[in-house]
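Subject: Handing over a structure

Dear colleague,

I am passing a structure on to you, together with some notes on what turned up in it. Please have the sequence and the model open while you read.

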Amino acid sequence: MNNFEVVLLFNPELSNQILKDELEKFKNQITNNSGKIINTEDWGLRDLTYNIKKFKKAFYSFLQLEMNGINIDTIKRDLNQNDRLLRYLFIKVDKHQELPTKLNYEKK
């Protein structure tokens, strides 16, 4: 099993319930593909450095995962089909950083 850290950027116009549903759907994809969610953090609504699909803000979510790298492609394929997701980034790490992250302490 490999360690991954994932950042998901969601459409800022989503309601809280839809956002929670999208995160649950992502977590279910991870567990259905033999993955394990170690930790999660909600970084909230933040400014983007540059516009993405004409949006200046996005909801950020951070997750730490353990799973095989082979299964990442299946998850990425599903994420590319999601209109509510602006961007995602999977990073393979040797060791997960300690939570809470610095971004969680900054003012939102």
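The notes below take the helices, then the nonpolar cores, then a few loop residues.

Please keep in mind throughout that this is a predicted model.

I begin with the packing of two helices. Helix 1, which covers residues 16-32, packs against helix 2, residues 72-80, at an angle of about 155°, and their axes are 10 Å apart. Because angles over 145 degrees count as roughly antiparallel, helix 1 is roughly antiparallel to helix 2. The crossing in which helix 1 passes helix 2 is right-handed. On the side of helix 1 the residues that meet the partner are Phe26, Gln29 and Ile30, while helix 2 contributes Ile75, Asp78 and Leu79. Sorted by type, the residues of this contact are 4 nonpolar, 1 polar and 1 charged.

In soluble globular proteins, nonpolar side chains tend to be buried together. Here the largest nonpolar core has 18 residues, and those with the most contacts inside it are Leu8, Phe10, Phe26, Leu65 and Phe90. Two or more residues of this core come from each of strand 1 (2-10), helix 1, strand 3 (55-67), helix 2 and strand 4 (85-93).

Asn11 is found in the loop between strand 1 and helix 1, and it counts as buried because its relative accessibility is 13%, with under 20% as the cut-off. Not counting residues up to four places away in sequence, Asn11 touches Phe55, Phe59, Arg84 and Leu86.

Lys53, in the loop between strand 2 and strand 3, is by contrast exposed, with a relative accessible area of 52%, and its phi is near 50°, a positive value in a residue other than glycine.

Ser34 lies in the loop between helix 1 and strand 2 (36-52) and also has a positive phi, of about 65°, although it is not a glycine. From C-alpha to C-alpha, Ser34 and Asn68 are 7.7 Å apart in space, while 34 residues separate them in sequence. Beyond residues up to four places away in sequence, Ser34 touches Met1, Glu66, Met67 and Asn71.

With best wishes

Methods. Residues numbered from 1 in each chain as written. Predicted model: local features only at pLDDT ≥ 70, side-chain atom pairs only at ≥ 80, totals over all residues. Heavy atoms only, no water. Axes fitted to C-alpha atoms, helices over the stretch in contact; angles between N-to-C directions. Helix = DSSP H or I, 4+ residues; strand = E, 2+ residues; numbered from the N terminus. Parallel < 35°, antiparallel > 145°, perpendicular 65-115°, else oblique. Left-handed = near helix turned anticlockwise from the far one by under 90°. Contact = heavy atoms within 4.5 Å. Nonpolar A, V, L, I, M, F, W, Y, C, P; charged D, E, K, R; others polar. Core = buried A, V, L, I, M, F, W, Y, C linked by side-chain atoms within 4.5 Å. Buried < 20%, exposed > 50% of the residue type's maximum accessible area, 1.4 Å probe, protein only.
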